[in-house]
Amino acid sequence: MDSAVALRTALRAGETSSVELVQRCLDRIEEKNPQLHSFVALDPEGALERAAEADRVLESARTRGTLEDVPVLTGLPTAFKDLVEVQGFVTTYGTAAVPHVVSPKDAPIAARLRSSGANLIGKTAVPEFGLSTYSENLIHPAARNPLDPATSPGGSSGGAAAAVASGMLPLSPGNDGGGSVRIPASACGLVGLKTGLGTLPEDVLGPDGSTHTTDRWGAPRLATTGPLGRSAADAALLLDGLRYDADAPSGTPALDAVQHSLDGGDAFVGLEVGVTTAGPFDEWIHPELSPEARAAFDRGVRLVAELGAHVEESDWVPDRGYPDAFRAVWTAGLAEATVTDEAVAKMGALARAFRYEATHRGGDAQRAAATELTRIAAGFREAWGRYDVLLTPAMSQTPRPIGYYFEGDAENDYELQCHYTPYTSMVNVSGLPAVTVPVWWTPDGFSMSVQMIGRRGAEVQLLSLAAVLQRAAS
């Protein structure tokens, strides 16, 4: 499939139609989904009807010379993961423990993306409640990695990443509470951006419509929405859709900035870049970089220096209190829902164990964990803020085999996840943006990435840097 940027250009020029594009995606889904299990729900008829309407809008605008009034993603197909309410689709959250009912309306972030003209054609695979670095659950077949279907595409946006990497979709949104955009992006050879907390207003909306940047215990909210694309330019285009502005409906400020950086090639020149392989789980489980992860990290550091950055080894030392505080905050949401014992029995082992922890922790302990994690987050921002960008490995290992996490008990599952991805959750705690970029490939075809963490509000800068770095690595 062509890049999302090229497809958008062709749609607006009338060189292809949205109906043709959607049909190509549906054909690709029919071909690839039985093996990869990226999609858990699909609306082919509705998708084609919406595509036909998009073609009418585009044709009318071309005739009238008013393409600037056409929303930015008009005619492009995409899909949300099965944790986001999308009108007309069932949201299962990857579990048998909740009722499976058709959503009567879009979640706010889905409504925003739909208003940008995107055609929401289905729902993509997730782990149960989005808890995990893989996309396997008890109610759907395991999502698989297009680079090697015997391995996981990561999680929790694994179905979305596999769909983009295999050409079933040109681009896709994910949401990231502990790495859930960056992990599958790294596993599948994509660019994945975790936006900073509050960059997208919908990410900090409470049920009453007011803004909340902390949970009810006072801990930092962790999850934000971000784009997955085969290139930084595609990810930037989707970011423009996620930040859709009705006053500038066809505006592409993020994409324009990325393309400007590619034209200039000097985005790294003069930047202070800190590099580190330290991570917050070091004193708990002592994660080690695999040879593949080390090769990717070393190449990323070398390329960034060659592109003009001043590179310095960071002396940041992770806070030892992180593992316990993060785990308490990460699992707290499982105590919020009122579910029966019968429903709990339908959960997988990890969700059951985490719910048990959360419901038996007690309010004082939960508040203490929130206070501790808030303190740790401030320390992260202070230490990392010495640099324009902090560069880390993305993952510590190559993608893990399907079923890898289920060989032991729930505790072993969680520890294996933290070994695989020791560098992502800390960024969610900090509230800062980060992007993962493929920079090295193994002899058997796996992509390996590095992560760049930016300052607050640096999403577009990170995508610009990612574009230049991705090109240099190719």
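This is a guided tour of selected elements of a predicted model.

Local features are described where pLDDT is at least 70 and side-chain atom pairs at pLDDT 80 or more, whereas totals for chains, interfaces and linings use all residues of this predicted model. Residues are numbered from 1 along each chain as its sequence is written, and side-chain values use heavy atoms, with hydrogens and water left out.

**The sheet.** Select the eight strands of the open sheet, ordered β4-β6-β5-β10-β11-β9-β7-β8 with mixed pairing. Strands (E, at least two residues) and helices (H or I, at least four) are DSSP runs numbered from the N terminus, and two strands pair if DSSP finds at least two bridges between them. At the edges lie β4 (171–176) and β8 (310–313), each pairing on one side only. From one strand to the next, the twist averages 25 degrees.

Next, select β5 (residues 191–194) and β10 (residues 434–441), which pair in the antiparallel sense over three bridges. Within this pair, K194 stands opposite A434 in β10.

**Helix α9 and its partner.** Select α9 (residues 291–306), which packs on the sheet and touches β7 (272–275), β8, β9 (389–393), β10 and β11 (447–454); contact means heavy atoms within 4.5 Å. The direction of α9 makes about 105 degrees with that of β10. Axes are lines fitted to C-alpha atoms, for helices over the stretch in contact, and angles run from 0 to 180 degrees between N-to-C directions.

Show R299, L303 and V304 of α9 with L469, A472 and A473 of α16, which make the contact. These residues divide into five nonpolar, no polar and one charged; Ala, Val and Leu are among those counted as nonpolar, and Arg is among the charged.

**The loop at S103.** Move to the loop between β2 (77–81) and α4 (108–115), where S103 is found. S103 counts as buried at 3% relative accessibility, buried meaning under 20% relative accessible area with a 1.4 Å probe, protein chains only. Not counting residues up to four places away in sequence, S103 touches E85, V86, Q87, G88, F89 and T91.

**Helix α1.** Finally, select α1 (residues 4–13), a mostly covered helix with seven of its 10 residues buried. Those buried are A4, V5, L7, R8, A10, L11 and R12. Their cover includes α2 (18–36), α3 (44–64), β4, α7 (232–242) and α8 (253–264). After α1 comes G14, with a positive phi near 80 degrees.

Note on methods
Buried means under 20% relative accessible area, exposed over 50%, partly exposed in between (1.4 Å probe, protein chains only).
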